[in-house]
Amino acid sequence: MSRIKEIRYVGYGVDNFDAERSFYANDWGLVEVAAEEGIAWFKTHGDDEHHVVRLHKSDANHVEVVAFAADTSADVDALHDNVVAAGCRVVHAPRDLTAPGGGYGFRFFSPDGLPFEISAGVERLDKRVMERWEGMPVKISHIVIHSPDHPAMVKFFTDVLGFKVSDWLGDFMCFLRCNEAHHRVAILPGPPCLNHVAYDVLTVDDMFRGAQRLKQAGTDIRWGPGRHTAGNNTFSYFCTPSGFAVEYSSELEDVDFENHVDKVHVPGPNVMDQWGIGIGGPQTMPHPKPDAKLFQAAEV
């Protein structure tokens, strides 16, 4: 079965383009690889993915696209057929992509109206070996989204896009994998929107070093540091100048993509955070609200 294999990037529309651009380049630890008037693309130092963030000047803060990778153009075509058969609105059919990095792909809206892209053949860029204590992202770890009907959205990701369920937290949060990583996507109940984007850093030390750099730049931890139970990854959450939640994470466990058996983690003390020493909690994160431009295709 053709399926998603990885996360590529997240594209944001932001009303304070300059502040958001400075945050990712100077504070978060990404590298700007291309820019045009009102739009910029950023990659990590430690991975060859062409870019992991795209910023676009807009009249509202919203998600313009969440991009996934497939192996081949044939897989892109097959996934397009799956999405059409599932009744999703297609923004554009598979075609050669003209944005930096190129490739072959299509865009569509999820049943809730969030925009997604699936592509193959995107240009790879140089990467370098990162060292402990740099405290900067290696790659995107996972994204978390909300859905008003989260069981149905889990079924969409498994049946249409080829994800597998790794674990549940109670009956309200589902963790989904598309490769050996325990999860690349997680789904929560709530209005259709992005919850946060997490980035892998090399070690726990890198998570703390990154938090130190952000604090010195005026961005403090909203929730953390801590260690989740599902995936066993460490976490520290922050907010960008435009109010999007982002996370430094490390040590996300690997599982057998084909054979891992999912389980339910019963919510309780030390389940959301096994350490229990951090500040904040889910209540200190931005409250979910419907994305400002559901079912509206981005201009770029």
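In this predicted model, Thr-44 has contacts well beyond its own stretch of chain: setting aside neighbours within four places in sequence, Thr-44 touches Leu-30, Val-52, Pro-137, Val-138 and Lys-139. The residue sits in a loop, the one that runs between β3 (39-43) and β4 (53-57). Is Thr-44 buried or exposed? With a relative accessible area of 1%, Thr-44 counts as buried, because the cut-off for that label is under 20%. The side chain of Thr-44 also has polar partners. One is the backbone nitrogen of Asp-47, which the side chain reaches at 3.3 Å. Another is the backbone oxygen of Val-138, which lies 2.7 Å from a polar atom of that side chain.

Next comes helix α4, which covers residues 204-216 and has 13 residues. From its first C-alpha to its last, α4 reaches 19 Å, and that is close to the 18 Å expected at 1.5 Å a residue. At the start of the helix, a side-chain oxygen of Thr-203 comes to within 3.2 Å of the backbone nitrogen of Asp-205. After the helix comes Gly-218, with a positive phi near 100 degrees.

Which residues of α4 are buried? They are Val-204, Asp-205, Asp-206, Met-207, Gly-210, Ala-211 and Leu-214. An α-helix has 3.6 residues a turn, so residues three or four places apart point the same way. That spacing is handy to keep in mind when looking at Met-207, Gly-210, Ala-211 and Leu-214, which are among the buried residues of α4. As for what lies over the buried residues, the cover includes a helix, α1 (17-28), along with the strands β14 (223-227), β15 (234-239) and β16 (245-250).

Now for the empty space. Rolling a probe the size of a water molecule over the atoms shows where such space is left. How many cavities of 30 Å³ or more turn up? The count comes to one, and the largest cavity has a volume of about 40 Å³. Its lining is made of Val-63, Val-66, Leu-114, Pro-115, Phe-116, Ile-145 and Leu-194. Two strands, β5 (62-69) and β8 (115-120), are the elements that give two or more residues to this lining. By class, the lining has seven nonpolar residues, with no polar and no charged ones.

The largest pocket holds about 750 Å³ of space. It is lined by 38 residues, and those nearest its centre are His-146, Leu-194, Asn-195, His-196 and Pro-286. Elements giving two or more residues to this lining are β5, β9 (139-147), β11 (173-177) and β13 (193-200). Of these, β13 gives the largest share, four residues. Sorted by class, the lining of the largest pocket has 22 nonpolar, 14 polar and two charged residues.

Of the 29 residues that line it, Arg-54, Ala-99, Arg-107, Glu-117 and Val-300 are the closest to its centre. At least two lining residues each come from β1 (6-14), β3, β6 (90-96), β7 (104-109) and β8. What classes do the lining residues of the second largest pocket divide into? There are 14 nonpolar, five polar and 10 charged.

Key. Residues numbered from 1 in each chain as written. Predicted model: local features only at pLDDT ≥ 70, side-chain atom pairs only at ≥ 80, totals over all residues. Heavy atoms only, no water. Buried < 20%, exposed > 50% of the residue type's maximum accessible area, 1.4 Å probe, protein only. Polar contact = N/O pair within 3.5 Å; in protein donor to acceptor, adjacent residues only side chain to side chain. Contact = heavy atoms within 4.5 Å. Expected span 1.5 Å × (residues − 1). 1 Å grid on protein atoms, 1.4 Å probe; cavity = no way out; pocket = protein on both sides within 12 Å on 5 of 7 lines; lining within 4 Å. Points joined across faces, edges and corners; volume = space filled by probe spheres on them. Nonpolar A, V, L, I, M, F, W, Y, C, P; charged D, E, K, R; others polar.
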